[in-house]
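Please consider the chain shown below. The paragraphs that follow explain its cross-links, its strand pairing and some features of its backbone and surface.

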Amino acid sequence: MLTRNCLSLLLWVLFDGGLLTPLQPQPQQTLATEPRENAIHLPGRRPHFQRVKRGWVWNQFFVLEEYMGSEPQYVGKLHSDLDKGEGTVKYTLSGDGAGTVFTIDETTGDIHAIRSLDREEKPFYTLRAQAVDIETRKPLEPESEFIIKVQDINDNEPKFLDGPYVASVPEMSPVGAYVLQVKATDADDPTYGSSARVVYSILQGQPYFSIDPKTGIIRTALPNMDREVKEQYQVLIQAKDMGGQLGGLAGTTVVNITLTDVNDNPPRFPKSIFHLKVPESSPIGSAIGRIRAVDPDFGQNAEIEYNIVPGDGGNLFDISTDEDTQEGVIKLKKPLDFETKKAYTFKVEASNLHLDHRFQSAGPFKDTATVKISVLDVDEPPVFSKPLYTMEVYEDTPVGTIIGAVTAQDLDVGSSAVRYFIDWKSDGDSYFTIDGTEGTIATNELLDRESTAQYNFSIIASKVSNPLLTSKVNILINVLDVNEFPPEISVPYETAVCENAKPGQIIQIVSAADRDLSPTGQQFSFRLSPEAAIKPNFTVRDFRNNTAGIETRRNGYSRRQQELYFLPVVIEDSSYPVQSSTNTMTIRVCRCDSDGTILSCNVEAIFLPVGLSTGALIAILLCVVILLAIVVLYVALRRQKKKDTLMTSKEDIRDNVIHYDDEGGGEEDTQAFDIGALRNPKVIEDNKIRRDIKPDSLCLPRQRQPVEDHTDIRDFINQRLQENDVDPTAPPYDSLATYAYEGNGSVAESLSSIDSVTTEADQDYDYLTDWGPRFKVLADMFGEEESYNSDKGT
């Protein structure tokens, strides 16, 4: 590597020093201006043409990246053919990195790189060169652009950007099965040399896997790799540049490869016989043992199904698979009895649920084992002969009567005696007793079916040798009915018969009820009592279905002769002993229309005229009551008129004032209908003269004093009252007093508008509009009046 770099640098020095000149420089490697012909015009002389060769001459520039020398790296030299070496030409440099990365000697045109460059950071630089006359500061040549390329060196190793990798491949895969493809990236220049040409190889993971050197594809290298032997593999992959040659840079990554499971292993029982011990007292459905077949596969490939092979004892047991542990759980289907059978033997088969047909040629994917179950003897409680005892007893049976018995036995090998007890938690009233040795049940109290028809309690049986071992059985005792109640009519009937009834009509259907209850049901019979059957107006027809009909025996009935009939009906039941009762039915005679519809059954209706209905009678009575009320009111008014005095007659004006226009005498008016209180109280108290007697004084001409313009209104009224009091021909002053004076002390004061300071025109009724919709009409009325007055004023 170092030899090649030194050789390149030597070639550039030879070219830049002029020792070697390329015959045909390429545009990308040599940047120079072509010779031009310029017309030179000298002042004061005739212009003439002269052929002048001018232009830039230099080779293509390269700079080596990552240069680590102590001196600046020489890049190249700029030279113009107009430069005669006299020091009159100045060279300048501009563009990318000019002055910071690259410098130029203004006199010689030598270009140097003053710092180390990285091609991966910037692969080339574009600069511009200029030759200037030192004295005139004018350019001798047009500015030209050239490129300095950074020459790549192999300074970047390949990298796996996506590593580390994770892959999987099914176990038992053939050789060459695809696993994964890896890829490494090299930052060096892929167009120059072999710095970026990568070759892949496996450093760790052989001989199980292989890799393609160019593509990086990993494949299996061994057949029949078994997951059950080894599941995880870690493969180390290397990528090396320079085509894998010596001196190239390398990078590594790790690939973790997992072998996935396939169903290539059948389940196997670790032993051929399984021994289980089960107590005979194990309940039905309980798990009595577990067996397990081993399958080295994983997941659903290891799922096992267990089945009992039909044989001896297999029908007493069942087996299922525990999904978590893949064990076979044996359960009890029927109860075990040590005294009957002490051991059972059967076979269990284990097989895979999910088969892989590629491996079926290796053999059946199932295995069989033998299960032997030994039944253990357990000290068991006594066993009753029946799961439920049902007994019957008649009500009112004497106390101590045996109604039945229960039996329990100890089925163990060494049988023990049994004792019986009543479970008092279920029979707190103690209607029954039981013999502790024999198990017989007897009554302890008199039973009443109508009170309790059925008793339900429990009997406990315990072993004498072990009283803690007990068993319980339910006892159901039905109390049978004894026929002690006679039948009766089920509901009271209100029976009616029409006056125009015909013989043989059914006017009522009756049924019976019995407080006794027979298991087979009651059958009732109906008939007339013997005393009513001599001359019957009605008879009873038994329908033989526990109902009967009341039938008429006459042609017509009269309410005037007899309104009510009483019919005794005898009802018998069919139980033993036979019970019967006599029930009296009341039959009322009613008036009906031609269709048999009842119109009236009242006694008062007998005396009404024929054809007069109840509604008409009510209307007549209502008219009579109204007439009587009018007469009473008229008489009361006549009596009131006779009691009226002279002062309350219609001709008296004061009567009108008192009853209609009297506003009262204020708080001082304490005498009802005292007209004098309407006058000035002071004048009344000074001169109390009766106003209903004609005065004795002669009629004198009235003389009125002249009224001043500003006389007080009260004085004016009092003056006029005095004049009228002494004048017998003057009209009563009461009218004037009623409207002019209300008395002293009135909270409301005077309602007269005489003392009013303001007029209606001065009143503002706009506030009525704020009182709501109920005062809208009043507000409109006063508003219109106000507007009318304002119009008149204008």
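**Disulfides, strands and backbone**

Counted along the chain, the bonded cysteines form disulfides in the pattern 1-3, 2-4. The model is a predicted one, and it holds 2 disulfides. A disulfide is a covalent bond between the sulfur atoms of two cysteines.

One of these links joins C498 to C592, with an S to S distance of 2.1 Å. It connects distant parts of the chain, since C498 belongs to strand 32 (residues 495-498) and C592 to strand 38 (residues 580-592), 94 residues apart. The torsion about the S-S bond is -80 degrees, and the link of C498 and C592 is left-handed. Both C498 and C592 are buried.

Another disulfide runs from C590 to C601, with an S to S distance of 1.6 Å. Its torsion about the S-S bond is about 110 degrees, so the link of C590 and C601 is right-handed. C590 lies in strand 38, whereas C601 is in the loop between strand 39 (598-600) and helix 2 (614-642); the pair therefore ties together parts that are 11 residues apart in sequence. C590 is buried, with a relative accessible area of 0%, while C601 is partly exposed at 22%. The limit that separates these two classes is 20% relative accessible area.

An open sheet of 4 strands has the order 31-33-36-35, and its pairing is antiparallel. Strand 31 (488-489) and strand 35 (538-542) stand at the edges; each has a single partner strand, so one side of each is left without a neighbour in the sheet. Strand 35 is joined to strand 36 (residues 547-552) by 5 bridges, and F538 has T552 in strand 36 as its bridge partner.

Elsewhere, strand 28 (residues 440-443) pairs in the antiparallel sense with strand 24 over 3 bridges, where A405 stands opposite T440. Strand 28 also pairs with strand 27 (residues 432-434), again antiparallel and over 3 bridges; here F432 has T443 as its bridge partner. Strand 27 and strand 28 form a hairpin with 5 residues between them, and G439 in the turn has a positive phi of about 85 degrees.

D396 is placed in the loop between strand 23 (388-394) and strand 24 (402-405), and its relative accessibility of 43% makes it partly exposed.

There are also cis peptide bonds. One joins G163 and P164, with omega about -5 degrees; P164 is in the loop between strand 7 (144-151) and strand 8 (165-170). The bond from Q206 to P207 is cis as well, with omega near 5 degrees, and P207 occupies the loop between strand 10 (199-204) and strand 11 (209-211).

On the surface, Y767, W771, F775, V777, L778 and M781 form a nonpolar patch with about 600 Å² of accessible area together. F775 lies in the loop between helix 6 (734-740) and helix 7 (776-793). F775 is partly exposed, with a relative accessible area of 31%.

Note on methods
Residues numbered from 1 in each chain as written. Predicted model: local features only at pLDDT ≥ 70, side-chain atom pairs only at ≥ 80, totals over all residues. Heavy atoms only, no water. Helix = DSSP H or I, 4+ residues; strand = E, 2+ residues; numbered from the N terminus. Buried < 20%, exposed > 50% of the residue type's maximum accessible area, 1.4 Å probe, protein only. Pairing = 2+ DSSP bridges. Patch = residues over 30% accessible without salt bridge, like charges linked within 9 Å, V, L, I, M, F, W, Y side chains within 5 Å. Areas by Shrake-Rupley, 256 points an atom, 1.4 Å probe, with all protein chains shown as cover. Salt bridge = Lys/Arg side-chain N within 4 Å of Asp/Glu carboxyl O. Disulfide = S-S within 2.5 Å.
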